[in-house]
Amino acid sequence: MNIVIIGIGKVGSTVAAYLSRENHEVTIVDKNPDVVERMTTNYDVLGVCGNGASPEVQREANMAKAHLVLSLTSSDEFNILCCVLAKRCGAGHVIARVRNPDYYHQMPVLRKELGLSMAINPELEAANAISRMLRFPSATKLELFSRGRLEMAETTLAAGSPLNGVAMKDLPRKFGAQVLICAVQRGNEVYIPTGDFVLREGDHINVTASHGDMGAFFKKLGIYRHSVRSVLLVGGGKISFYLAFQLLQLGMHVKIVEQNEETCQLLSEMLPKASIIRGDGTDQDLLLEEGLTSMDACVSLTGIDEENIIVSMFAAMQKVPKVIAKVNRPHLLAITRTLGVESSVSPRMVTGSTILRYVRALQNSTGNTVQTLYKMMDDKVEALEFIVGDKAPFIGKTLQELPFKNGVLIAGIVRNGRLIHPKGGDAMFPGDLVTVVTTIPSLQDLSDTLAEE
């Protein structure tokens, strides 16, 4: 696909990297010549330096023939303007980054009136991801498939874990719960485990199950944590606002520590049920005075990755049950777990996955289209959900009859609202929601999981 990306900041650079790796014809547009040079040097993309709303720049970027235009600058108004102009030029689909809550709540109207295909809000996407982690605090991360009927949780096997030395095929007999371990990271290696695969201490695993079975499984492992009732948020930016709004609706007590007086005032007006504290969230004495040790969870959301990691390490040292840090830079994400920060979220990576899902669905609008996509384990594994089309070649054939490629696992099938834990004798039918976990990049269609016979 021919894709133009306007605005190459944290989010734009991540999206450009994802899309270029999938062999799309990507053109980036940014006012900063150094940014354009860096991206064109490091990735297989074309670069245009200039104002993305300028007719000359749009012509140079060939937006009239673009299948998709993404405007991802820090200005909501500029992003909307670029998308409107690109659509009038002849671009097929347009996506605008819109972060302001006032605009985002009006997006259904704006999309209809201005012709936007989609609005993306990295801060809201990150807040949604954190909210899921807090709803099931036993897991490092939690993703939902099939409208919540299938859950995928990440966790690490600690020393003395009951799973140490257990082979996959013995899992149902030893633990009873209907769960499937669908991916394992051991050091730098990633595995889609077969029945003979044996788990070891230190393995980072992904588990799929229904909500009830997931809770039962974590209780048997001895790592189940009770529901979160109180949360301390460090940093009062947009992610904090969106997250606090969701948590308050769930009945949790929310306290936000923010240094900027104007931001504190705004948060007090918009979140009257939250406790807003003006102060430096990296001040350990302040955190202790505000009851850090009595909190069920601490989420560090400042604009500086290193601050978030340090605050989270301190919270973990104070035995806060659930600790989450916002970390954008990939090389820091990789080391957070070794520093005692078990959970982290990257707005740019969450946004990249959302856009990637949209692009793959566009490419395959008539087949077994991608409904959900998550990248896991340092981007080495993807979990995708497809809806089975009417003309799929595998309909009615049992899973054991199908020649799946290496590195592919069918993790769940939802049919008529009922979750099926896949076994060799199960089959897929039109309308099924099928979750696939794979180490194969760039899957666009459920049929891509099959080897040529």
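**Exercise 1.** In this predicted model, find which side chain has a polar atom 3.0 Å from the backbone nitrogen of Arg-99, and describe the surroundings of that residue.

*Solution.* 
Step 1. The polar atom 3.0 Å from the backbone nitrogen of Arg-99 belongs to the side chain of Asp-76.
Step 2. Look for a charged partner. The nearest side chain of opposite charge is that of Arg-99, 4.5 Å away. A salt bridge requires a nitrogen-to-oxygen distance within 4 Å. Asp-76 is buried and has no salt bridge.
Step 3. List the contacts, leaving aside neighbours within four places in sequence: Asp-76 touches Arg-97, Val-98, Arg-99, Asn-100 and Tyr-103.

**Exercise 2.** Determine how many disulfides the whole structure holds, and check Cys-83 and Cys-89.

*Solution.* 
Step 1. The search over the whole structure returns 0 disulfides.
Step 2. For Cys-83, the nearest cysteine sulfur is that of Cys-82, at 6.9 Å. The cut-off is 2.5 Å, and Cys-83 is in no disulfide.
Step 3. For Cys-89, the nearest cysteine sulfur is again that of Cys-82, here at 10 Å, and Cys-89 is likewise in no disulfide.

**Exercise 3.** State how many salt bridges the whole structure has, then characterise the pairs Arg-132 and Glu-143, Arg-278 and Glu-261, and Glu-306 and Arg-329.

*Solution.* 
Step 1. The search finds 16 salt bridges.
Step 2. Arg-132 and Glu-143 pair at 2.8 Å, N to O. Arg-132 is in helix H7 (residues 122–135) and Glu-143 in strand S7 (residues 141–145), so the bridge ties together parts 11 residues apart in sequence. Both residues are buried.
Step 3. Arg-278 and Glu-261 pair at 3.7 Å, N to O. This bridge links strand S14 (residues 275–278), which holds Arg-278, to helix H11 (residues 261–270), which holds Glu-261; the two residues are 17 residues apart. Arg-278 and Glu-261 are both exposed.
Step 4. Glu-306 and Arg-329 pair at 2.5 Å, N to O. Glu-306 is in helix H13 (residues 305–317), and Arg-329 is in the loop between strand S16 (322–326) and helix H14 (330–336), 23 residues apart. Glu-306 counts as partly exposed because its relative accessibility is 35%; for Arg-329 the value is 30%, so Arg-329 also counts as partly exposed.

**Exercise 4.** Identify which residues are linked with Glu-22 in a network of salt bridges.

*Solution.* 
The network joins Glu-22 with Arg-360, Lys-375 and Glu-382.

Technical notes. Residues numbered from 1 in each chain as written. Predicted model: local features only at pLDDT ≥ 70, side-chain atom pairs only at ≥ 80, totals over all residues. Heavy atoms only, no water. Buried < 20%, exposed > 50% of the residue type's maximum accessible area, 1.4 Å probe, protein only. Lys, Arg positive; Asp, Glu negative; His and termini not counted. Polar contact = N/O pair within 3.5 Å; in protein donor to acceptor, adjacent residues only side chain to side chain. Contact = heavy atoms within 4.5 Å. Helix = DSSP H or I, 4+ residues; strand = E, 2+ residues; numbered from the N terminus.
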